[in-house]
Amino acid sequence: MNASFIKSVNGLTSLQSDPRTIGKEIIFYEETVSTNDDVLRLSKEYGEGLVIVADSQKGGRGRHGRRWFSPPGINLYFSILLKPSSSLEKVTILPLMASAAVVKGIEEHAGIHTSIKWPNDIMRGGKKVGGILMEMKTAKGKICAIALGIGLNVNMTSDMFPEEIKNIATSLRIESRMDIDRFKLLKKILREIDCWYTEFLKGNSRDIVNEWLKLNSTTGHEVIVQEIGGREIRGTAEGIDEMGYLLIRLSSGIVERVSAGDVTILA
Ligand code: BTN
């Protein structure tokens, strides 16, 4: 399986030869530290749409400085280089956009229904299947390059998860009892991201928000949001705005906008 994945990614001619932006160029590494680092390092030499795929990462990172477990041969770890001429406030929607694209890609390829926990965790039955980490290089307040990094637990079995995540994480294989073709799944996800990124460039953030709202499992629920290094906010998740911030109605009736944090769904 590993060999065929490597061969398939290396031979991604169908994506490379079509006119789309995302996946115009694809670089594959058997092992790297983090595909996000690679994308940012190569951002001057390559144009928007470059995808770096790795079979394993030695220093895979998650949100809020956490580790992203990245063993070889079974999962998907990839990052996309983006260079929008948008403002810093506009691009905060991009990881949420990617989460919607991933949910759609999984549904199309494997027929597995997943959902999004704010802001961009890919969930199934209360457990995490995948996540997105956006990092960027800026100069004088302007965006030079964005790395949109995606990690998905694809063919891991329960015994492969490290102790600290085994009760909170799952994989597509565990959920579907099927071996998933990583290469075909990657292609579907890249197509979806390409479509939604085109909408983003046209300024259609509202459509992205609406798509995210359709696919998420946070809004409408009573939640606690743990802000990083900060407050704990409890209330009803009512929606998100065009920056992807979560709107929480407190018991006082006031609506708080939250930019980052960990959500626990209470009811
Ligand atoms: C999260 O914490 O939910 C985000 C996880 C993002 C992991 C991906 S794997 C590819 C890319 N490279 C990294 O080091 N992180 C992202």
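The legends below describe close-up views of a predicted model. Local features are given where pLDDT is at least 70 and side-chain atom pairs where pLDDT is 80 or more, while totals for chains, interfaces and linings use all residues. Residues are numbered from 1 along each chain as its sequence is written, and side-chain values use heavy atoms, with hydrogens and water left out.

View 1. The ligand has 20 residues around it, and Ser 34, Gln 57, Arg 61, Arg 63 and Lys 128 come nearest (a residue is near if one of its heavy atoms lies within 4 Å). An N or O atom in the side chain of Ser 34 is 2.8 Å from an oxygen atom of the ligand. In the side chain of Lys 128, an N or O atom is 2.6 Å from a ligand oxygen. The side chain of Gln 57 has an N or O atom 2.9 Å from a nitrogen atom of the ligand. On its own the ligand has 410 Å² of accessible area, of which the protein covers 99% (Shrake-Rupley method, 1.4 Å probe).

**View 2. The shell around the ligand.** The ligand takes up the space of the largest pocket. A pocket is an open set of points on a 1 Å grid over the protein atoms alone, with protein on both sides within 12 Å along at least five of seven lines. Two or more residues of the shell come from each of α3 (35–41), β3 (76–82), β6 (127–139) and β7 (142–152). Helices (H or I, at least four residues) and strands (E, at least two) are DSSP runs numbered from the N terminus. The most residues, four, come from β6. Sorted by class, the shell holds six nonpolar, ten polar and four charged residues. Here Ala, Val, Leu, Ile, Met, Phe, Trp, Tyr, Cys and Pro count as nonpolar, Asp, Glu, Lys and Arg as charged, and the others, Gly among them, as polar.

View 3. Asp 121 is found in strand β5 and is buried, at 6% relative accessible area (buried is under 20%, exposed over 50%, partly exposed in between; 1.4 Å probe, protein chains only). Its side chain makes a polar contact of 2.9 Å with the side chain of Lys 128. A polar contact is a pair of N or O atoms within 3.5 Å; within protein, one must be able to donate a hydrogen and the other to accept it, and residues adjacent in sequence count only if both atoms are side-chain atoms.

**View 4. Asp 55 and Arg 182.** Asp 55 lies in strand β2 and counts as buried, with 2% relative accessibility. The side chains of Asp 55 and Arg 182 are joined by a polar contact of 2.9 Å.

View 5. Most residues other than glycine have a negative phi, and most peptide bonds are trans. The peptide bond from Trp 118 to Pro 119 is cis, with omega near 0 degrees; Pro 119 is in the loop between β4 (115–117) and β5 (121–124). His 64, not a glycine, has a positive phi of about 55 degrees. His 64 lies in the loop between β2 (51–57) and β3 and is partly exposed, at 32% relative accessible area. Arg 177 is not a glycine and has a positive phi of about 55 degrees. The loop that holds Arg 177 runs between α5 (172–176) and α6 (182–201), and Arg 177 is exposed, at 77%.

Key:
1 Å grid on protein atoms, 1.4 Å probe; cavity = no way out; pocket = protein on both sides within 12 Å on 5 of 7 lines; lining within 4 Å. Sits in = over half its atoms within 2 Å of the grid points.
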